[in-house]
Each structure stands twice: as C-alpha cells, then as structure tokens.
Amino acid sequence: MAMDPTQQKALNALESFILLSKSATSPRSAADLVNQATSAPNTYVFAELLRTPNISALKTASPEYTHFYTLLEIFAWGTWADYS
C-alpha cells in the first residue's frame, strides 16, 4: 500500500533531523536539534525523533534541557491544551 504523499513529505522532512540526532551527543546539541525540528516547515511527525538515543537522553538530562524533550512529546502526541 502506497503512503499518502503528504505523509511521505513529512517523513522526508524529518529524516534529516533523525540523521543529525546521531551527532547530537550533548544535551545542548540535542536541545538545539529539537528546536530546529519543531520550527522546520513540513515537519509535523516527531515520534521517530523521540525514539533516537540522543534525543531520548534529554528525558533524564539536567532540568535545563528536559523541557525540550517534553516539548517534542507534545508535538508528537499532544494537543494545544497540553501546550498552553
């Protein structure tokens, strides 16, 4: 079964962030990547990025960085009410 063109475009947009996450080994670089991904046009599928090891590590990073993981969770599975 073929993927919807809109879904394919969203996954293609996320792919570069998934690849970049491999080199985002510090909490600061992982947080910057989350910021870039959530700001990028055509990127609105985020679950795959949450599963990458360096982004997942933000979950247990210092409090300065954990909110970036929470933000990505909201973008992946949340609603506007969760955000506001």
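Which helix does Thr-38 lie in? Thr-38 lies in α2. Before I go on, the ground rules. This is a predicted model, so local features need pLDDT of at least 70 and side-chain atom pairs count only at pLDDT 80 or more, while totals for chains, interfaces and linings use all residues. Residues are numbered from 1 along each chain as its sequence is written, and side-chain values use heavy atoms, with hydrogens and water left out. Helices are DSSP runs of H or I, at least four residues, numbered from the N terminus.

Back to Thr-38. This residue is buried, at 14% relative accessible area. Buried means under 20%, exposed over 50%, partly exposed in between, with a 1.4 Å probe and protein chains only. A polar atom of the Thr-38 side chain lies 3.2 Å from the backbone oxygen of Asn-35. Leaving aside neighbours within four places in sequence, Thr-38 is in contact (heavy atoms within 4.5 Å) with Phe-46, Leu-71, Leu-72 and Phe-75.

Now the core. A nonpolar core is a set of buried Ala, Val, Leu, Ile, Met, Phe, Trp, Tyr and Cys residues joined through side-chain atoms within 4.5 Å. The largest one has 19 residues; Phe-17, Val-34, Leu-49, Ile-55, Leu-58, Phe-68 and Leu-72 touch the most other members. At least two residues come from each of α1, α2, α3 and α5. α2 gives the largest share, 5 residues.

On to α5, residues 63-77. Its buried residues are Tyr-65, Phe-68, Tyr-69 and Leu-72. They cover an arc of only 95° around the axis, so they sit on the same side of α5. That arc is taken over the directions from the helix axis to the C-beta atoms. Pro-63 and Trp-77, on the other side, are exposed. The buried set packs against α2, α3 and α4.

Then α1, residues 5-21. A kink of about 25° is centred on Leu-14. The bend is the angle between axes fitted to the seven residues ending there and the seven starting there. Buried in α1 are Ala-10, Ala-13, Leu-14, Phe-17, Ile-18 and Ser-21. Those residues pack against α2, α3 and α4.

Last, a loop residue. Asn-42 sits between α2 and α3. Its phi is near 70°, a positive value in a residue other than glycine. Most residues other than glycine have a negative phi. Asn-42 counts as partly exposed, at 41% relative accessibility.

Notes
The expected span of a helix is 1.5 Å times one less than its number of residues. A polar contact is a pair of N or O atoms within 3.5 Å; within protein, one must be able to donate a hydrogen and the other to accept it, and residues adjacent in sequence count only if both atoms are side-chain atoms.
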